Amino acid sequence: MQTAQLTRHMRRNTAAYLALLPMAAIVVFAYLGTMAWSVRLSFTSSRMLPRNDFVGFDQYAQLFGTSRWLTSLENFVFIAIFFLAICFVLGTLLAIFIDQNVRAEGLFRTAFLYPYAMSFVVTGLMWQWILNPDLGIERTMRNLGFSDFVLDWVVNSDTVLYAVVLATVWHGAGLVMALLLAGLRGIDTDLWKATRIDGIPLWRAYAFIILPILRPMIITSLVLLSISIVKMYDLIIAMTNGGPGTASEVPAKFIMDNLFERANIGLATAASTTMLVTVLLIIAPVLYSQYLGKKGTTA
Amino acid sequence: MHCRTSVVAGTIDKIKSPCLKWNRFHWRFWSISRPSKFRAAKIDLVHWGGHMFHKTRLMAQTAIALAIGATAGHAQEAEVIHFWTSGGESAAISVLADAFEERGGEWTDNAIAGGSAARSAAINRIIGGDPSTAALFNTSQQYHEIIAEGLLNDIDDVATRNDWDNILPAPIVDAIKVDGRYYAAPVNIHMPLWIWYSSGALEQAGIESPPETMEEFFAALDALQAADITPLALGGQRWQENLLFSAMMTNVGGRDLWTGIYADKDEEAINSPEFREVIETFVRLKPYVDSASPGRNWNDATAMLIGDTAGFQVMGDWAKGEFTQADQQIGVDYNCLPGLREDAPYVLGGDVFVFPRTEDPAQIEAQNLLAETITAPDVQVAFNNLKGSIPIRFDVDVSAMDACAALGMEIMGDPSRLVPDASQMMNEYVYGSVQDVVTELWNTDMSVDEAVERFGNALQN
């Protein structure tokens, strides 16, 4: 009985595996293959054309001796921390706020989610205009008579990163809101009744009961936000182009510049390999807790 | 016409159809990676033709192929990758295309916006084994690596026939002649370090004559500031900050320092008091730039001169295009200064066409015809008037040129003032690091000592 079941299972799976073969081939060649190729190039002295002379970790030594790369890493960490924290807190609060059966809920939902529908290029350009002293808020306020009004975040090396965080939060907070709102709507009303009967204050109910239940939603939104930070390139190009000076450089822009403008494939692939390893190091624990960890508890 | 019969179309390469490029790519792919398979595929045609549906299609294609094939022997088809997409630029490139077609060629235009995007497209096509006939590059070292890899055809025939050794300025010859052979055809010369000024703004500030020395320049900047006009219009982007720094290098440091640092990467020159003075003068310009400068585009900075809200701008001669479009007259509304000292070096930059390697005699002929056409004197004048640059050769009629171009031509006659553009003297990645130092110097409070040290590191890379 059991062996018959097993063979049937196997037969069914063979068909499934066959059907998956093209996709597996694409994954191996188009994704993993190109990744391996990039990693391989990062150990060569390639400049404009790919070469095959291996030079060990020379490119990495050069990379970490380049102040622009170090600046871009610092900026990356800064943006990641502030963006994730603010976006998450703001998105959660918005979701909770909308979940209170407010009037015109649809309007609020649309308004908050709308920024996410825009591309990073549009977001970047828009905020660049808003914050530009020549065109935006500063000019408007001065024209209104406040002649000392200053809002020069985007042209000031010390504050430009806050401007970038502002734009990204504006862009991403709606996504967190939408995901968490969906989660909140899925909470059983009996649970709310129970907390009320037990006399648990609302904030405690959210912090210790509801949000832990929403864990999968929270992790999904954090992963999505993290991805948008790692690949952040278009926003920087549109908003500051890495400036003033190198004050808002990000790793993705460093990679693109070296790959295309400076004909320095070796250095660019070394930088992208560094990013790949960093992302894997961050994502690995998340994946572990999501998939493997869960298996451990159910077993 | 449908594209699915890629192998069929590959054998009759000359068909002009929208699918041609796609088909040709497939054909090349087959022929390069698996020659034997390709032959097998060719035989397969019989089988393909056996199908009624395919048969009619094949016959139709063959008929067209024969019809076009008869004339294709005469027209030399050239696919040209370039990055001239703005209004004035595309007007200028159509001069080249028309002249090429007049001489019996057939121009296939492949414009890609953005210099680096166009160059990487061209290089990818070369590496992929499907190169264009010609591709546009800057007069620099951008293409020296592909020459070293043997991926470009030389155009020595054309160069010798036209005596390029003697009719072209030396810095241009140095940039395009590698190991005694010419590998690129220059189309224009840009001087990237012109100093433009708004006559109206200078008048409002009570400046009677344009500055001729660095002291007078700073005095003029002070006067403009006193008159509440932005003294120096600068777009705070890496390359523009770099132009400004280069202008200080040539006007404060002079020719020897320019070549000593950028060409020889001489440590003594880098640590010299002259270079420190260049850095100090550059930093001294900071207060004369308005706070909204970071990120501004060069043409927006030029617009400040056009609107008389700024006094000076350091920018290449392409800025003339902006003035012209705004109906401004040289000498009336604005004017140009080639430098701030009698012997200010004249920096030669510009654009060149390179010709990717091919064995096809028809393509080689097209490449030679293209090189011949774009360097011809009449084409040069017509093209450069639209492009805002100056011709690459001395033996042309200057009467049709504007005042600034004519001044540039005149200065170009003095070989002692000519220097190559910085990008011609070092690899792109080295120049990139130098630009990083300049932009950090401009945007942070870097000390002169630190700047000197960082320049040294960047150049020695």
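Modeller: Happy to! Let's start with B:D436, which forms a salt bridge with A:R68, their closest N and O atoms being 3.3 Å apart; by salt bridge I mean a side-chain nitrogen of Lys or Arg within 4 Å of a carboxyl oxygen of Asp or Glu. This pair crosses between chains, running from helix α23 (residues 428–443) of chain B, which holds B:D436, to helix α3 (residues 67–98) of chain A, which holds A:R68. Helices here are DSSP runs of H or I with at least four residues, numbered from the N terminus.

A word on the ground rules: this is a predicted model, so local features need pLDDT of at least 70 and side-chain atom pairs count only at pLDDT 80 or more, while totals for chains, interfaces and linings use all residues. Side-chain values use heavy atoms, with hydrogens and water left out.

B:D436 is buried at a relative accessible area of 7%, and A:R68 is buried too, at 1%; buried means under 20% relative accessible area, exposed over 50%, and partly exposed in between (1.4 Å probe, protein chains only).

Within chain A, A:R142 forms a salt bridge with A:E138, with 3.4 Å between the closest N and O atoms. These two residues sit four apart in helix α6 (residues 137–143), so about one helical turn separates them. A:R142 is partly exposed at 36%, whereas A:E138 is buried at 6%.

Back to our opening pair: salt bridges with shared partners join A:R68, A:E249, A:K253, A:D257, A:R262, B:R238 and B:D436 into one network. Over all chains, the search finds 29 salt bridges.

Note on methods: Residues are numbered from 1 along each chain as its sequence is written. Chains are lettered from A and ligands numbered from 1 in the order in which they are written.
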